[in-house]
Amino acid sequence: MKTLLKNAREQKGLKTREVAQLLKIDQALISKFESGTRKPTKDQILKLASLLEINLENLMIAWLKEKIIWEIGEEEFALKALKVAEAELLSRKEAVSKIISSRLEKQLLEIDQLKVKLKQSLPFNSFLIDKKLELLYNFESNRIEGNTLTFDEMRSVLDQGLTIAGKKMREHLEMINHQEAINHIKHLKQISGDINEREFLAIHSLLMRGIPSDTAGQFKTDGNAKKNMDTLFSWYETNKKNLHPVILASKIHTYLYQIQPFATQNGTMARLFMNWILLQNGYCIANIKGDNENANQYEKALKSTNKEDFTAYSVQIQKESILDYFKLIG
């Protein structure tokens, strides 16, 4: 791990002092991480991976390996203990899979089959279809939040830079900024960028660009928001390989809705995070419509005391989104 950290830092052209300043970590600690005399915490590992653009999975594996060796050392029964631990971890993984009911599992299988079929059917101009679906998603997501621009007005704002008479400037900026946020998560997919806190806050900053606010790109300062988000990203890292991407995206959305980490734009951010995960895993943008009937169904599913209700709702939305893509292919 020490070599991985040092090589990544040098490739970025950064000095240990600069890394320490950017991550707000003591410079002596950075040097000790690279010499192997001190082990980073998990939070520090996440920050280092993000800043130095190290593949998080590779760094986490190296970190966990050294953590295990550090703890058990030359213990007599170390290898036997590792085998027992492996069995328990596999058991836990099976328990996580039980989150998905047989009904949902069948629907997810159908979605994955549709996904494969769609990939095989994509025309040469599929980027035009992607663009149309992104615009629809932009329009509907903002409509859920109360934006009153029509779809055609939104197109005029985005394509021609027009200002719509009688509409608030904030509504114009919401559409423009949301499109920038969609483009950003698409860019992260193309470069295989990690899903992390830094990018999450950057997306919120994009949404608030030009809109008067002193909280853009910042969590609430009530003492709970940052803690809750740390829990969320930790849960994500633990479960991203275990849960189906549609289920994972759904549960991330639900959690964000519950904790409301920002002063504003929480609903928009929850839907963006959900689609960020879906796009990273090769699925379509899940477009939740913003008319009264559909918005009410969405809110009802989110507020349901039955945890499976919103998951089932999300699975259905993803299926409908893929089918909408097929309709546009014709």
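**Buried rings and an oblique helix pair**

Reader: Why is phenylalanine 200 called buried?
Author: Phenylalanine 200 has 1% relative accessibility, and buried means under 20% relative accessible area (1.4 Å probe, protein chains only; exposed is over 50%, partly exposed in between). Phenylalanine 200 therefore counts as buried. This is a predicted model, in which local features need pLDDT of at least 70 and side-chain atom pairs 80 or more, while totals for chains, interfaces and linings use all residues. Residues are numbered from 1 along each chain as its sequence is written, and side-chain values use heavy atoms, without hydrogens and water.

Reader: What makes the pair of phenylalanine 200 and phenylalanine 273 tilted?
Author: The search of the whole structure finds 11 aromatic pairs. In this one the ring centres lie 5.1 Å apart and the planes stand at 45°. Rings of Phe, Tyr and Trp (its six-membered ring) pair with centres within 6.5 Å; planes under 30 degrees apart are stacked, over 60 edge-to-face, and the rest tilted. The pair is therefore tilted.

Reader: Why is H13 called oblique to H16?
Author: Helices are DSSP runs (H or I, at least four residues), numbered from the N terminus. H13 (residues 245–259) and H16 pack at about 125°, with axes 9 Å apart. Axes are lines fitted to C-alpha atoms over the stretch in contact (heavy atoms within 4.5 Å), and angles run from 0 to 180 degrees between N-to-C directions. Under 35 degrees is roughly parallel, over 145 roughly antiparallel, 65 to 115 roughly perpendicular, and the rest oblique. H13 is therefore oblique to H16.

Technical notes: Helices (H or I, at least four residues) and strands (E, at least two) are DSSP runs, numbered from the N terminus.
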